[in-house]
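Open the model in your viewer and keep the selection tool at hand. The tour moves from one selection to the next.

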Amino acid sequence: MSLSQNAFIPGRSISDSVVLAQELFCSYLYDGGEECVTTATFSVCLSDSIHRFFLGDRGLRYGDLMSPYLFVLVMEVLQTLLSQANPAKSQLILSKSAHGNREAILQLLDFQEGLLPVQYLRLSIISSQLKIFDCQPVLCKIDKRLKGWEGVGLSFVGRLQLIKSIIIAFHVYWGMAFILPKGIIREVEKRMRTFL
């Protein structure tokens with residue numbers, strides 16, 4: 001199993017990947033990725049032991065002696081990730097600053113252009129705060145489950161058990177990754193009350 005499949009590593013939660021993807025999109029699309037370089041910490045490794053961490057002070061500037069080395073390191077990692085990617089399953093989401101080179105980038109990488117929101121581990125990844133519209137998939141899933149249980153003659157306790165074990169699980173799964181809008185929470189509670 002590759003390290004990119006970190007959701008299956010013991011001690012990790014599947015929602016960790018979703019939270020990481022959400023943070024990446026929010027910070028990269030709005031901050032232009034600058035935070036990745038200006039908030040980094042560096043260390044010196046001598047004779048296989050790490051000595052002293054220090055913060056990047058100014059970020060990268062034109063003519064900085066560290067620029068070429070950091071650029072090569074980042075490009076090496078990016079090249080490795082791109083070589084492992086499956087173009088049929090991958091999409092490229094461009095920031096606003098890259099739209100001038102859009103066609104050249106898409107042609108070079110052979111990926112389809114993607115737009116936000118995207119589905120990742122069955123959750124919507126967007127670059128802003130969730131709106132009620134963005135949470136429609138969770139409501140659709142709940143409606144589908146409830147509709148399937150309508151014709152079954154369930155007792156009150158049976159309906160309550162289904163709500164507690166399945167419907168609330170959808171709500172909790174989304175709630176682990178995002179702050180859900182109050183309107184969505186009200187809609188989920190309304191559907192649960194109606195089913196009871």
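The stops below start with confidence and then turn to helix packing.

**Colour by pLDDT.** This is a predicted model, so check confidence before anything else. The chain averages a pLDDT of 75. A score of at least 70 is reached by 64% of the residues. Select helix 2, residues 34–38: its mean pLDDT of 49 is the lowest among the elements of the chain. Now select residues 30–37, where pLDDT stays under 50. For this stretch the model has seven contacts beyond four places in sequence. Then jump to helix 7, residues 182–195, which has the highest mean pLDDT, 92.

**Select helices 5 and 6.** Take residues 136–150 for helix 5 and residues 156–177 for helix 6. How do the two run relative to each other, parallel or antiparallel? Their axes cross at roughly 170 degrees and come within 10 Å. An angle over 145 degrees counts as roughly antiparallel, and helices 5 and 6 are therefore roughly antiparallel to each other.

Show the side chains at this contact. On helix 5, pick P137, V138, K141, I142, R145, L146 and W149. They meet L162, I166, I167, F170 and W174 of helix 6. Ten residues of this contact are nonpolar, two are charged and none is polar.

Keep helix 5 on display. The axes of helices 5 and 7 are 11 Å apart, at an angle of about 0 degrees. The two helices are therefore roughly parallel to each other. Helix 5 contributes V138, L139, I142, D143, L146 and W149. Helix 7 contributes I184, E187, V188, R191 and F195. This contact divides into eight nonpolar residues, three charged and no polar ones.

**Zoom in on an aromatic pair.** The structure holds two aromatic pairs. One of them joins W149 and F195, whose ring centres are 5.8 Å apart. Their planes stand at 50 degrees, so the pair is tilted. W149 belongs to helix 5 and F195 to helix 7, so the pair ties together parts that are 46 residues apart in sequence.

**Last stop: residues 166–185.** An unreviewed UniProt entry lists this range as "transmembrane region". What does the model show there, helix or strand? The chain is 80% helix and 0% strand over residues 166–185.

Definitions and conventions. Residues are numbered from 1 along each chain as its sequence is written. Side-chain values use heavy atoms; hydrogens and water are left out. UniProt positions are given in the numbering used here, feature names are shortened, and annotations may be inferred rather than shown by experiment. Helices (H or I, at least four residues) and strands (E, at least two) are DSSP runs, numbered from the N terminus. Axes are lines fitted to C-alpha atoms, for helices over the stretch in contact, and angles run from 0 to 180 degrees between N-to-C directions. Angles under 35 degrees count as roughly parallel, over 145 as roughly antiparallel, 65 to 115 as roughly perpendicular and the rest as oblique. Contact means heavy atoms within 4.5 Å. Ala, Val, Leu, Ile, Met, Phe, Trp, Tyr, Cys and Pro count as nonpolar, Asp, Glu, Lys and Arg as charged, and the others, Gly among them, as polar. pLDDT is the predictor's confidence in each residue, from 0 to 100. Rings of Phe, Tyr and Trp (its six-membered ring) pair if their centres lie within 6.5 Å; planes under 30 degrees apart count as stacked, over 60 as edge-to-face and the rest as tilted.
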